[in-house]
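User: Hello! Could you walk me through how to read a few features of a structure like this one?

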Amino acid sequence: MDFLRGFAILLVIAFHSTKMLSRVDLMPPMWLKDATEFFALYRMPTLMFLSGLLLPQSLKKDTVTYFTGKIRSVLWPYLVWSGVTALVFSRDVSSIQAIVSLLNAGSYLWFLFFIGLFYGFAYFVKRVNPLAIAVVAFVVAVAALFASKGIQVQSRMFYLMSYFFLGAFVARHWDAFLTFVDKRTSLVAVLIAILGGIAAAYFDLKSQPMAVPVVFAFIVGACYLSRKVADKPWAQLPNYVGQNSLKFYVSHFPAIYLFDVLGTQLGLEHSGVLAVLSIFVALAVGMIFSVASEKSVAVQWLFSAPKFQGSRFRRPPAAI
């Protein structure tokens, strides 16, 4: 879980390091664009799948504990970092409509917005087979896609919902899934994922419902490989990022932007160098927040609303 979640977050950071260049009037080098587009079909579905794996355990809690935990670990950081987004990117918050636009999945934090909706919905359908919900969500995603003649928020939301509940279904059958993953036939899934990644980079494909077989192949292949390498010394970085995924996720985007602005003002206009350096800056900022949050209650408040029991601070588990 830690390795694969950390790897997915690293892919998101690398992707945004290239997309952010347009905000400072630079074009990403083709090699870096192709490298990030290789994983275009896989980044967010994998994160949704991994988040869904946590759902069955969460649903064992009573109603108050369940929703309080989601408010503290999902809604709170979403609101806090939406405020940071408004400040850093000079977003208009002068009217109710502008604020609603920002909070209605109107920033890079849309993943948290979707996760919050999925967790809320999941509680009311917890007696329904999550695989059935995943199938229905997929059908709705396809219908929305064709109805709008292109990817739109509704289609993307239901598409990613299908992976969230697929993860919940897999969590209920974890031993069987691991038996399936650990077979050498998973190498076929790795090959399919590689071919799908090449196609995504070459044809500039976006995440869409029709990619489900290829994305599932990636998940299976990634699970197979991660179980082989997660305990290797070089895997410490993705493991650490995975353990502190929320901190890296919410902080990386403004960190990359501020670095790019500063870099271009200082005369650093080589897009490849700027993009690569911004990845290291985003990782450094995430690590600083991760370490600082273990020592400071004030920093912890940036990522979860604390629950005080006496004088001791208690944090909910991360939702991503």
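Predicted model: local features only at pLDDT ≥ 70, side-chain atom pairs only at ≥ 80, totals over all residues.

User: What is the phi of Asp25 near?

Analyst: Here is the general idea: most residues other than glycine have a negative phi. In this model, Asp25 has a positive value near 60°, and it is not a glycine.

User: Is Asp25 buried or exposed?

Analyst: The cut-off for exposed is over 50% relative accessible area. Asp25 has 74%, so it is exposed.

User: Which phi does Ala105 have, and where is this residue found?

Analyst: Ala105 also belongs to a loop, the one between helix H6 (96-103) and H7. Its phi is positive, about 55°, although Ala105 is not a glycine.

User: Now helices. How do I describe the packing of H3 and H7?

Analyst: In general, two packed helices are described by the angle between their axes and the distance between the axes. In this case, helix H3 (residues 43-53) packs with helix H7 (residues 110-124) at about 35°, and their axes are 12 Å apart. The crossing of H3 and H7 is right-handed.

User: Which residues make the contact?

Analyst: From H3 come Met44, Leu47, Met48 and Ser51. H7 brings Trp110, Phe111, Phe114, Ile115, Phe118 and Tyr119 to the contact. Sorted by class, the contact of H3 with H7 holds nine nonpolar residues, one polar residue and no charged ones.

User: Phe124 is in helix H7 too. Is Phe124 buried or exposed?

Analyst: Phe124 has a relative accessible area of 65%, so it counts as exposed. For a sense of distance, Phe124 and Lys247 are 123 residues apart along the chain, and 29 Å separates their C-alpha atoms.

User: What lies in the loop between H7 and helix H8 (130-148)?

Analyst: One of the residues there is Asn129. Asn129 and Trp174 are 45 residues apart in sequence, and from C-alpha to C-alpha they are 15 Å apart in space.

User: Why does Val190 count as buried?

Analyst: Buried means under 20% relative accessible area. Val190 has 16%, so it counts as buried. Val190 has its place in helix H11 (residues 186-203). If you leave aside neighbours within four places in sequence, Val190 is in contact with Gly221 and Leu225.

User: Let's step back. How many helices and strands does the protein have?

Analyst: The secondary structure comes to 16 helices and two strands. The radius of gyration is 20 Å, close to the 20 Å that the globule rule gives for 320 residues, so the protein is as compact as a globular protein of that length. The C-alpha trace spans about 55 × 55 × 50 Å along the principal axes.

Conventions: Residues numbered from 1 in each chain as written. Heavy atoms only, no water. Axes fitted to C-alpha atoms, helices over the stretch in contact; angles between N-to-C directions. Helix = DSSP H or I, 4+ residues; strand = E, 2+ residues; numbered from the N terminus. Left-handed = near helix turned anticlockwise from the far one by under 90°. Contact = heavy atoms within 4.5 Å. Nonpolar A, V, L, I, M, F, W, Y, C, P; charged D, E, K, R; others polar. Rg over C-alpha atoms; globule rule 2.2 N^0.38 Å. Buried < 20%, exposed > 50% of the residue type's maximum accessible area, 1.4 Å probe, protein only.
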